[in-house]
Amino acid sequence: MTFGQRLGYFSGGLVIGIFFLIFFLAGKKTSCDYSPTARVLKNIRIKERLFSAESLRQLKSAQLDTASISTILNSGSVNFSKSNTKLDSCKIYSVNGIIKNKSIELIVQNCKKQAKITHINTAELPNSN
């Protein structure tokens, strides 16, 4: 079998394999959460979310709502240098995001069945005008 024939068979099989992948995975809610940040945020999002009294007060003073928190948990980033992941019971994560021209840092206790937002730090971003 010549190299051209092998290349033809390989290309044909590759195209058929890609077709089957597209056909079987189309419409399914598959995701590729392989980065540590993506896995932590997904893990927090799927759990029952609780807010401490202090975090609710901080949300109100920053004129934000819980939908803003959901947005940060979807598109934010985890600062592992400020997080404490060595705890046995509830790991503590620092999640950063930007909403309404404000830089927001969430301190989240991620337990087995629930995620509790204990503290929210906000800072105004300088205008880019």
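Is Cys-90 buried or exposed, judged by its relative accessibility? At 19% relative accessibility, Cys-90 counts as buried (buried is under 20% relative accessible area, exposed over 50%, partly exposed in between; 1.4 Å probe, protein chains only). The model is predicted, with local features needing pLDDT of at least 70 and side-chain atom pairs pLDDT 80 or more, while totals for chains, interfaces and linings use all residues. Residues are numbered from 1 along each chain as its sequence is written, and side-chain values use heavy atoms, without hydrogens and water.

**View A. The disulfide of Cys-90 and Cys-111.** The structure holds 1 disulfide (a pair of cysteine sulfur atoms within 2.5 Å). The sulfur atoms of Cys-90 and Cys-111 are 1.8 Å apart. Cys-90 lies in the loop between β2 and β3 and Cys-111 in the loop between β4 and β5, so the link ties together parts 21 residues apart in sequence. Helices (H or I, at least four residues) and strands (E, at least two) are DSSP runs, numbered from the N terminus. The link is right-handed, with 110 degrees about the S-S bond. Cys-111 counts as buried, at 14% relative accessibility.

**View B. The salt bridge of Lys-82 and Glu-105.** A search of the whole structure finds 1 salt bridge (a side-chain nitrogen of Lys or Arg within 4 Å of a carboxyl oxygen of Asp or Glu). The N to O distance between Lys-82 and Glu-105 is 3.6 Å. Lys-82 belongs to the loop between β2 and β3 and Glu-105 to strand β4, so the pair ties together parts 23 residues apart in sequence. Lys-82 is exposed, at 54% relative accessible area, whereas Glu-105 is buried, at 12%.

**View C. The aromatic pair of Phe-80 and Tyr-93.** The whole structure has 3 aromatic pairs (ring centres of Phe, Tyr and Trp, its six-membered ring, within 6.5 Å; planes under 30 degrees apart are stacked, over 60 edge-to-face, the rest tilted). The ring centres of Phe-80 and Tyr-93 are 6.3 Å apart and the planes stand at 90 degrees, so the pair is edge-to-face. Phe-80 is in the loop between β2 (77–78) and β3 (91–99), and Tyr-93 is in strand β3, 13 residues apart. Phe-80 is partly exposed at 35% relative accessibility; Tyr-93 is buried at 8%.

**View D. The surroundings of Val-95 in the largest nonpolar core.** This core has 19 residues, of which Val-95 and Leu-106 touch the most other members (a nonpolar core is a set of buried Ala, Val, Leu, Ile, Met, Phe, Trp, Tyr and Cys residues joined through side-chain atoms within 4.5 Å). Elements giving two or more residues to the core include α2 (36–45) and α4 (66–75).
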